[in-house]
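Here is a short report on helix packing, chain symmetry and sheet order. Please keep the sequence and the model in view while reading.

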Protein chains: 2
Amino acid sequence: MDEPLRDMRTLVIQLRERIADLIREQALRPGDKLPTEAQLTARFKISRPALREALKLLEQDGLIYVEHGRGRFVSAISAIQIDRPITVFESVTEMTGHYGYNTVNKVLSISEEAPDAALAKQLHLDEGARVIRLERLRLEHDDPIMYCVDYVPRSIITARLYDIDWSGSLLALLDQYKQRPRMSAASVSAVMLPQDVVDRNDLRNFGPALLITETCFNAAGTPVVYALDYHKGSHFSFSLARR
Amino acid sequence: MDEPLRDMRTLVIQLRERIADLIREQALRPGDKLPTEAQLTARFKISRPALREALKLLEQDGLIYVEHGRGRFVSAISAIQIDRPITVFESVTEMTGHYGYNTVNKVLSISEEAPDAALAKQLHLDEGARVIRLERLRLEHDDPIMYCVDYVPRSIITARLYDIDWSGSLLALLDQYKQRPRMSAASVSAVMLPQDVVDRNDLRNFGPALLITETCFNAAGTPVVYALDYHKGSHFSFSLARR
DNA sequence: CGGATCATATTTGTCAGACAAGGAGGATCA
DNA sequence: TGATCCTCCTTGTCTGACAAATATGATCCG
């Protein structure tokens, strides 16, 4: 029924995909039993070790679970697919766009300064290194829905500060310098906006904010941005799967 | 140097942990080479298939990557390992304990009621099904740091409401009925406590709250709890990796 | 006939050994 | 000196086997 699979990716990766497809196609529901290892090896014409590696991956994904001596079963998480979880790294611009917002960036301030100790540690900066501090407001129909502060090591940006349009995507800018962030370590909390920010920008009605503090890393694992993003509580909620 | 590993969990799961430990202990940095499969099988006294399954898991985690013919290497993400990410499902009791809090539960109300349409949908309830509504406050040294509302399908709990000590762990209770939650679909936002809750419980100084709304599922994929957890903003912040 | 017990089959967990395929580095040869 | 080839190392895949947990049905006994 199914031809054996052969292309350039490793067998195991192909297998994982094929088995996930199988679950979808056959509309297997949580609790349903998967074919046994023997049946799957016969079906895909592959060896048991390769199959087991693929199944382990699906198990780690939470798509299936296993009971020794009984078999493998479709697990619950297959039913709770989150459309755009917060755990997927994306730029703020992409994120707001996904929420249906079409925001305009307003640069509040741009400056070069010496990092404090905590920041220098986050960005792995040497003694005497400097950072660019970018403070922005994101407006939806002139209504502020995000307040953002970004810190970028000065050494990354070779251009002069005032030759750059800072109202665009920071990710796109870093991409030009081959420093596109790929992943981040983030922490989430609920706060009120700092009082001075409220005063300076007339944000008395901003209300509670979801603060995401994250250190972003490029593909090589070097930190390239430290960001504080205050999301207006009434406008944002992030989804994720826990298991 | 290392004794072989034996306990009740499957070998592969133990192995994954041991190898992750190895990376930490030896302070391997992104790009560093891992021991070869041959060295690891010798070290841990396990077979190659078992080892490979474990390595595949770490690869999927993004902790390591592999190059055919060259070896396995530590990847960038290993640098941003989050100790206890929010994406790991655990009970509120476990979570607060991890934060160093030793909270006392105070039951505000317990009742049986008819779910509204949204709730019935979240819990996959049939027409006419009823739910238990549990409203609690978590106190740290008499200071409220969480306000929680849980909804559980009435059909799960066979005992009479007032025969149960609701101040304990809800997870432990559900476990007794073989309905232990294993995973959840959650959403995170920043809010103020509802006004009536503030008034009734004297919570004027609670400040902004991190609200986690989640539907919890048992191993079979059936929803068993719908929970609203308001975390006092000044006391909680959750970490996660994004990639 | 009913229920408990036991033997057997099924299914996953683990192991051993082998060969294929890709990559790296040194030896060889022009 | 430089290019080529060979060999070794490492990961990818396969085969076959046995152990351990579970399910099933037969058997035995009251």
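Helix 1 of chain A passes helix 2 of chain A in a right-handed crossing. A crossing is right-handed if the near helix is turned clockwise from the far one by less than a right angle, and left-handed if anticlockwise. The axes of helix 1 (residues 11-25) and helix 2 of chain A come within 13 Å and cross at roughly 110°. That makes helix 1 of chain A roughly perpendicular to helix 2 of chain A. Angles of 65 to 115 degrees count as roughly perpendicular, under 35 as roughly parallel, over 145 as roughly antiparallel, and the rest as oblique. A:L15, A:R18, A:I19 and A:L22 of helix 1 make the contact with A:L40, A:R43 and A:F44 of helix 2. By class, this contact has five nonpolar, no polar and two charged residues.

This is a predicted model: local features need pLDDT of at least 70, side-chain atom pairs count only at pLDDT 80 or more, and totals for chains, interfaces and linings use all residues. Residues are numbered from 1 along each chain as its sequence is written, chains are lettered from A and ligands numbered from 1 in the order in which they are written, and side-chain values use heavy atoms, with hydrogens and water left out.

**Terms.** Helices (H or I, at least four residues) and strands (E, at least two) are DSSP runs, numbered from the N terminus. Axes are lines fitted to C-alpha atoms, for helices over the stretch in contact, and angles run from 0 to 180 degrees between N-to-C directions. Contact means heavy atoms within 4.5 Å. Ala, Val, Leu, Ile, Met, Phe, Trp, Tyr, Cys and Pro count as nonpolar, Asp, Glu, Lys and Arg as charged, and the others, Gly among them, as polar.

Two more pairs are listed here.

| Helix pair | Axis distance | Angle |
|---|---|---|
| Helix 2 (37-44) and helix 3 (48-61), chain A | 10 Å apart | about 110° |
| Helix 1 (11-25) and helix 3 (48-61), chain B | within 8 Å | roughly 55° |

Helix 1 of chain B is therefore oblique to helix 3 of chain B. Their crossing is right-handed. The contact residues in chain B include B:L15 and B:I19 of helix 1, and B:L51 and B:L58 of helix 3. This contact divides into twelve nonpolar, no polar and three charged residues.

In chain A, A:E37, A:L40 and A:T41 of helix 2 meet A:R48, A:L51, A:R52 and A:L55 of helix 3. That contact has three nonpolar, one polar and three charged residues.

**Two chains.** A rotation of 178° with 0.6 Å of shift along its axis superposes chain B on chain A, with an RMSD of 2.8 Å. The two copies are thus related as by a two-fold rotation axis. The superposition is by least squares on the C-alpha atoms of residues with pLDDT of at least 70 in both. Of the interface residues of chain B, 98% are also interface residues in chain A, so the copies meet through the same surface.

Seven strands form an open, antiparallel sheet in the order 9(A)-6(B)-7(B)-8(B)-5(B)-4(B)-3(B). Strands pair if DSSP finds at least two bridges between them. Strand 3 of chain B is joined to strand 4 (residues 131-140) of chain B by nine bridges. B:V107 stands opposite B:R136 in strand 4 of chain B.
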